[in-house]
2 protein chains.
Amino acid sequence: MKEKLIVDMDGVLSDIYQQLINYQYKENGILANLKDLEGKTEREVFDNFDNYIHSEGFFVNSNPIKGSVEVLQTLNEKYNLFIVSAAMQFPKSLTEKVQWLKMYFPFITWKQIVLCGTKDIIKGDIMIDDHFMNLDKFSGKTILYTQPHNIKINDHKHQRVNNWFEIKDLVD
Amino acid sequence: MKEKLIVDMDGVLSDIYQQLINYQYKENGILANLKDLEGKTEREVFDNFDNYIHSEGFFVNSNPIKGSVEVLQTLNEKYNLFIVSAAMQFPKSLTEKVQWLKMYFPFITWKQIVLCGTKDIIKGDIMIDDHFMNLDKFSGKTILYTQPHNIKINDHKHQRVNNWFEIKDLVD
């Protein structure tokens, strides 16, 4: 039986940081630098964070993170893959997230998608996520995807990866 | 720590059978009898099942099953409650299901809702569902909610309940 691989969306498959930077730049001409965002939550950095993520089109118009499509297609053969996104706080995102996956990851079927509020009730063998709160409660192997908000935290409970090519080396 | 209670939507909280009966009656005047549906899947009984469930408004306009609101409100205090619905096959249902819960079960927050394709990756302590395929893969205590499609199957792995008042007696 294939192992269950649980993959997060925002900040792991979809480039939410770039999308936030674009939205802020369009709104007020401030071009945030990824270096300046290190160690801070998105809400601390982007004044209108809540407006951005609640606006129509925010999720569906984001770009996939480099390498995610090719590597995930390979992993989809080897693992029992599930995409699990904590989307329930943002009602507009529900259909956008499904549309977005269909667009960039057409090999992922509806059976493999989970939209939830918290990930406390998700079980599996491996979880890839950029948030400690999700990884800390998972009982299987945990992989932390580097994003500015988590980059300054040294935590040896989870294996850290910096990009999708490192994920490939680790789990393929 | 409170036990995690996983509750299904269609056929457990929402009266999907009555909704299917209404849709068929409106369409062609055939009034199905619940007795005639016993031992058959909804798809076997309702010729236009797929049209009905894919149509806008099907889920949001269904009624809650008798007793579900009052009993679930009590259980929400005692348990760490999650509503888990296999909704991903029906993209229109995603926002409708969230709206519907907000309307009839306002005490349930966004953190407690999970919309998925299959329930294979759901963990918890107790699951209430009307489908064997969901209960069979669950590692905790399982409660089968009686519906016409499951009524003829004798299965002693799961505790059978016939209404929400029996659920209250069992788990409250």
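**Helix packing between and within chains A and B**

In this predicted model, helix H5 (residues 93-104) of chain A packs against H5(B) at an angle of about 155°, and the two axes lie 8 Å apart. Because an angle over 145 degrees counts as roughly antiparallel, H5(A) is roughly antiparallel to H5(B). The crossing of H5(A) past H5(B) is right-handed. Which residues make the contact? On H5(A) they are A:Leu94, A:Thr95 and A:Val98, and on H5(B) they are B:Leu94, B:Thr95 and B:Val98. Sorted by class, the residues of this contact are four nonpolar, two polar and no charged.

Helix H5 of chain B (residues 93-104) also holds B:Gln99. Is this residue buried, exposed or partly exposed? With a relative accessibility of 46%, B:Gln99 counts as partly exposed. A separation can be given for B:Gln99 and B:Lys66 too: they are 33 residues apart in sequence, and their C-alpha atoms are 19 Å apart in space.

A second pair of helices lies within chain B. Here helix H4 (residues 68-78) and helix H7 (residues 164-171) pack at an angle of about 20°, and their axes are 9 Å apart. Since angles under 35 degrees count as roughly parallel, H4(B) is roughly parallel to H7(B). H4(B) passes H7(B) in a left-handed crossing. From H4(B), the contact draws on B:Ser68, B:Val71, B:Leu72, B:Thr74, B:Leu75 and B:Lys78, while H7(B) supplies B:Trp164, B:Ile167, B:Lys168 and B:Val171. By class, this contact has six nonpolar, two polar and two charged residues.

Helix H4 of chain A (residues 68-78) can be looked at in another way, by asking which of its residues are buried. They are A:Ser68, A:Val71, A:Leu72, A:Leu75 and A:Asn76. An α-helix has 3.6 residues a turn, so residues three or four places apart point the same way. Seen down the axis of H4(A), the buried residues fall within an arc of 145°, so they line one face of the helix. What do these buried residues pack against? Their partners in chain A are strand S1 (4-7), strand S2 (80-86) and helix H7 (164-171). The face of H4(A) turned away from the buried side carries the exposed residues A:Glu70 and A:Glu77.

Notes
Residues are numbered from 1 along each chain as its sequence is written. Chains are lettered from A and ligands numbered from 1 in the order in which they are written. This is a predicted model: local features need pLDDT of at least 70, side-chain atom pairs count only at pLDDT 80 or more; totals for chains, interfaces and linings use all residues. Side-chain values use heavy atoms; hydrogens and water are left out. Axes are lines fitted to C-alpha atoms, for helices over the stretch in contact, and angles run from 0 to 180 degrees between N-to-C directions. Helices (H or I, at least four residues) and strands (E, at least two) are DSSP runs, numbered from the N terminus. Angles under 35 degrees count as roughly parallel, over 145 as roughly antiparallel, 65 to 115 as roughly perpendicular and the rest as oblique. A crossing is left-handed if the near helix is turned anticlockwise from the far one by less than a right angle, and right-handed if clockwise. Contact means heavy atoms within 4.5 Å. Ala, Val, Leu, Ile, Met, Phe, Trp, Tyr, Cys and Pro count as nonpolar, Asp, Glu, Lys and Arg as charged, and the others, Gly among them, as polar. Buried means under 20% relative accessible area, exposed over 50%, partly exposed in between (1.4 Å probe, protein chains only). The arc is that of the directions from the helix axis to the C-beta atoms.
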